[in-house]
Amino acid sequence: MGDKKTIWVVEDSTSAMALLLLKLKATGHNIVPIPTTDKAVERLQNSSERPDLLISDQFTDDENHKPSKITGVELIEIAKKAGIAANILTSGDDLVSEAKKAGADFFQKAGTDWPEKLKTRVIELLGQVQTSHQVSATR
């Protein structure tokens, strides 16, 4: 496999995060778990560190069950403006058009095979990111 990419995974459910980490670590990339969308925004604003891909749940709560101020779709908009590939996770169909407008590569968390489909899509997305970086570098 080529360069290791960095993937930020924003998810407040410990069981969903464990499953995401298990599947995504199999891609061979660096996986950074972040518990809330607010913490992800804070990290983007206060650090020079940037992921190659950001995957976010739509709604996250902190450890005190207080909802984040920023939704996953809003985080996707911020990431896309910063040139970061982004993906949204949700259990409903209601966000499809909103997520597409934000520039997300939409993925629905449903059914028994969603983790494997997400892993496959991540591999495809990071291949596109690498290809676009290679094209930019040759110009």
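This is a predicted model: local features need pLDDT of at least 70, side-chain atom pairs count only at pLDDT 80 or more; totals for chains, interfaces and linings use all residues.
The protein contains five helices and five strands. Taken from the N terminus, the elements follow the order β-α-β-α-β-α-β-α-β-α. The protein has 139 residues, of which 42% count as buried. When contacts between residues at least 6 apart in sequence are considered, 62% of them join residues at least 24 apart.

Helix α2 spans residues 37-46, and its buried residues are Thr 37, Ala 40, Val 41 and Leu 44. Viewed down the axis of α2, these buried residues fall within an arc of 100°, and they therefore line one face of the helix. The partners against which the buried residues of α2 pack are the strands β1 (6-10), β2 (30-34) and β3, together with helix α3.

Helix α3 covers residues 72-81, and the axes of α2 and α3 are 10 Å apart at an angle of about 15°. Because angles under 35 degrees count as roughly parallel, α2 and α3 are roughly parallel to each other. The crossing of α2 past α3 is left-handed. On the α2 side the contact involves Thr 37, Ala 40, Val 41 and Leu 44, and on the α3 side Gly 72, Leu 75 and Ile 78. By class, the residues of this contact comprise five nonpolar, two polar and no charged. Thr 37, Ala 40, Val 41 and Leu 44 of α2 are also the buried residues listed above for that helix.

Strand β1, one of the elements packed against the buried residues of α2, includes Val 9. The relative accessibility of Val 9 is 0%, so Val 9 counts as buried. With residues up to four places away in sequence left out, Val 9 touches Met 17, Leu 20, Leu 24, Ile 31, Val 32, Pro 33, Ile 34 and Ile 55. Between Val 9 and Thr 37 the C-alpha to C-alpha distance is 9.7 Å, with a separation of 28 residues in sequence.

Most residues other than glycine have a negative phi. The phi of His 65, in contrast, is positive, near 65°.

Note on methods
Residues are numbered from 1 along each chain as its sequence is written. Side-chain values use heavy atoms; hydrogens and water are left out. Axes are lines fitted to C-alpha atoms, for helices over the stretch in contact, and angles run from 0 to 180 degrees between N-to-C directions. Helices (H or I, at least four residues) and strands (E, at least two) are DSSP runs, numbered from the N terminus. Angles under 35 degrees count as roughly parallel, over 145 as roughly antiparallel, 65 to 115 as roughly perpendicular and the rest as oblique. A crossing is left-handed if the near helix is turned anticlockwise from the far one by less than a right angle, and right-handed if clockwise. Contact means heavy atoms within 4.5 Å. Ala, Val, Leu, Ile, Met, Phe, Trp, Tyr, Cys and Pro count as nonpolar, Asp, Glu, Lys and Arg as charged, and the others, Gly among them, as polar. Buried means under 20% relative accessible area, exposed over 50%, partly exposed in between (1.4 Å probe, protein chains only). The arc is that of the directions from the helix axis to the C-beta atoms.
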